[in-house]
Amino acid sequence: MYLLIVTGMSGAGKSLALKSAEELGFFCVDNLPSPMLSEFVQMCENAVPKVEKAAVTIDSRESLLSRNSRSVAEEIRKLSIPHDVLFLDARKDVLRRRYNETRRRHPLGVAGEAESGVESEHKYLGELRDLATRVIDTSDIPARKFPLLMEKILPEFSKNEMSLIVSSFGYKRGVPIDADFVIDMRFADNPFYYEALRPLSGLDREVFDFVMDQPFVVEYLDDLQKNILHMIPLFESQDKHILRVCFGCTGGRHRSVAAAEAFADRMRKAGQAVRIFHRDLVREEEDILSRFEKES
């Protein structure tokens, strides 16, 4: 039997994730008290036919049962079956906005208020976040894309080899909160300030070559590749099979995209399974077009 434990911040999409898992054939239970985990596993294994894969949500509502996050984490560590912990998170401003829009009461908020609830929950869930096999930032993931996201990540949990996720982002929209490594490319000259390169992106050869031909960039990526390759076995020894390396620049369209593409290519050639994602590529293009339309 395999068990997926979905946890994380209220408003980050745990219910959507559980619903998606159910549609993918998992037997699902929402808000299962952690002391019942072992009993739940036993029930699934004794079922006829046996439940082969199940998913549960466990979150900050445990505090309402006077249980601290350390005791919850200990219940998870006791499990003897294959399992993973998926932690869903989002930027604090996004979580507060989602609660205010839906007018829901926050389970840990003073009188149900979102501001204090988000702060309290963030502190409470720290130990569960450290226990997570994977952390996902859902700030920019619309509800309609959750099923596709779950279809992609669930197979990764069952792999024994490391899956490397390489992404780019713009600092102007915030650092990805699910990053394992954040690589700042703002030391390189910015193609945005060159009129011929501004409309292009790091996916275009002209911008890619412009970034890669600058001093220290290739050497920087050489050192990064060497260090990541040395660290991957250490992460695998701790049962971490998904590693996220995020390259950032100001807008997330030029330098970070070029560096992420170059690094992903290097790691593929080194025999690593790699997926690449450019978070702000399209949105930055829209911003650039909007800015220059207004100026003209």
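Guide: A salt bridge is a side-chain nitrogen of Lys or Arg within 4 Å of a carboxyl oxygen of Asp or Glu. This is a predicted model, in which local features need pLDDT of at least 70, side-chain atom pairs count only at pLDDT 80 or more, and totals for chains, interfaces and linings use all residues. Residues are numbered from 1 along each chain as its sequence is written, and side-chain values use heavy atoms, with hydrogens and water left out.

Visitor: What makes Asp-140 and Arg-91 a salt bridge?

Guide: Their side chains come to 3.5 Å, N to O. The cut-off is within 4 Å. The pair therefore counts as a salt bridge. Asp-140 sits in the loop between β5 (134-137) and α7 (146-157), and Arg-91 in the loop between β4 (83-89) and α4 (92-102). The two are 49 residues apart.

Visitor: What are Glu-127 and Arg-70, buried or exposed?

Guide: Glu-127 has 22% relative accessibility, so it counts as partly exposed. Arg-70 has 56%, so it counts as exposed.

Visitor: Why are Arg-244 and Asp-178 called buried?

Guide: Arg-244 is at 11% relative accessibility. Asp-178 is at 8%. Both values are under 20%, so both residues are buried. Arg-244 also forms a salt bridge with Asp-178, with the closest N and O atoms 3.5 Å apart.

Visitor: How do you know that the buried residues of α3 share one side?

Guide: Ser-69, Val-72, Ala-73, Glu-75 and Ile-76 are buried in α3. They cover an arc of only 155° around the axis, which puts them on the same side of α3. The arc is that of the directions from the helix axis to the C-beta atoms.

Visitor: How many salt bridges are there in the whole structure?

Guide: A search finds 22.

Terms used
Buried means under 20% relative accessible area, exposed over 50%, partly exposed in between (1.4 Å probe, protein chains only). Helices (H or I, at least four residues) and strands (E, at least two) are DSSP runs, numbered from the N terminus.
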